[in-house]
Amino acid sequence: MFFLYDYVLYLLVVPALLFVFSFKKSNNILETVFSQAVIRQLTLHPQLIQASMRYRYFLLVISLMIIALARPVYLKQNTVIKQMSSSAVIALDVSESMNSSDIYPSRFTLAKEKLVKLIEKAEHLHVGVLLFAKNSYMLYPLSEDTQALAYMLKNAQIKQKFEPNTNLFGVFEASEKMLHTEKTKNIILLSDGGEDVTRVDETAYIRKNHLRLYVIDFASRKNNALNNMVQKSHGYYTKYQWGEGDIEKILNAIQKSSQKISADAYDMKQYQELFMYPLGLALLILYFVFILNLKKKHTVKLTVLFALMQLTFLNTPVNAGVFDFITLQKAKSFYAKSSMSKR
């Protein structure tokens, strides 16, 4: 057993000192004049536990709570997890041609639905989102939190003005800036491809910057220019499907290419929490020490109240991470230093 927040244990010095000083307190004035038998006769409400002992029990309760705050744990499992460091920018075409209704209700509506499905299924990807037509706009930066991104897209109203041009070169430039520090540079294009013309400059830029292009084509006919760029980048091209087959093909292709890249290993420790035992013992001592000294009618009332509280909090989840903000602050500092060193 060990403590995750061992520095909290230094607080035990305070109740320890108070406990030592409690023995050095001067005796009650009555004890210097009368015998114990006379004092018992003079006392109107004799207590089951003396005040000095109740004080020491209270110090014990504080000590147990400090121990609980220090978060005692034991190592339950230690596993090394290998995770592929893959990243992808999903670029959604919002040009005028995507407003076509040859796909019901429109190409753009179907592409937006595919975007949400892609993000929900992209479990091992760092995902960012771009909107593009004549210009490119970053909707969401690269992140592992795909659940938050999917929720945002489901509830967001993307009210775009459809522009007449499809600037693929701008998409690749914007994506490269988002992916310039990543090991893999995947671009998932949800587009009809615009005009089916030879795109020499775009293809040269993709190969120069080692971009890997994956395309779901929403045009009524196959776009040969898009297909050619995909082949030159060693990516994957597919026409849209009403089901999720096109999404699964894209993600499988990305996964296969990512297997060729070395994975990052993470040492994942799982702990068994023990804080509830000192905390429960502290509450139990508080109950017996302070309730037993009350009158009978008050004791019954407080006992019933205590039982109702237990029933109320029986199914309440308990969180031991009171000082997690310190760990998060350290993690943020380390991340900032790592980012500066990469630059």
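**Close-up views of the nonpolar cores and the parallel strands**

**View A. The largest nonpolar core.** In this predicted model, the largest nonpolar core comprises 33 residues, and those with the most contacts inside it are I90, L115, I119, I188 and L190. Two or more residues are given to this core by each of the elements β3 (86-93), α5 (107-121), β4 (125-132), α6 (146-155), β6, β7 and α10 (245-258), with α5 giving the most, namely seven residues.

View B. When its neighbours within four places in sequence are left aside, L115 is in contact with I90, L92, V129, L153 and L190.

**View C. Strand β7 and its pairing with β6.** Because five of the six residues of strand β7 (residues 212-217) are buried, this strand is largely enclosed by the rest of the structure. Strand β6 (residues 186-191) runs parallel to β7 and is joined to it by six bridges, with I187 standing opposite L213 of β7.

**View D. Pairing of β7 with β8.** Strand β8 (residues 236-239) is likewise parallel to β7, and four bridges join the two; in β8, T238 is the bridge partner of I216. The chain leads from β7 through helix α9 (residues 224-232) to β8, and this β-α-β crossover is right-handed.

How values were computed:
Residues numbered from 1 in each chain as written. Predicted model: local features only at pLDDT ≥ 70, side-chain atom pairs only at ≥ 80, totals over all residues. Heavy atoms only, no water. Buried < 20%, exposed > 50% of the residue type's maximum accessible area, 1.4 Å probe, protein only. Pairing = 2+ DSSP bridges. Right-handed = clockwise from strand over helix to strand, strands pointing away. Core = buried A, V, L, I, M, F, W, Y, C linked by side-chain atoms within 4.5 Å. Contact = heavy atoms within 4.5 Å.
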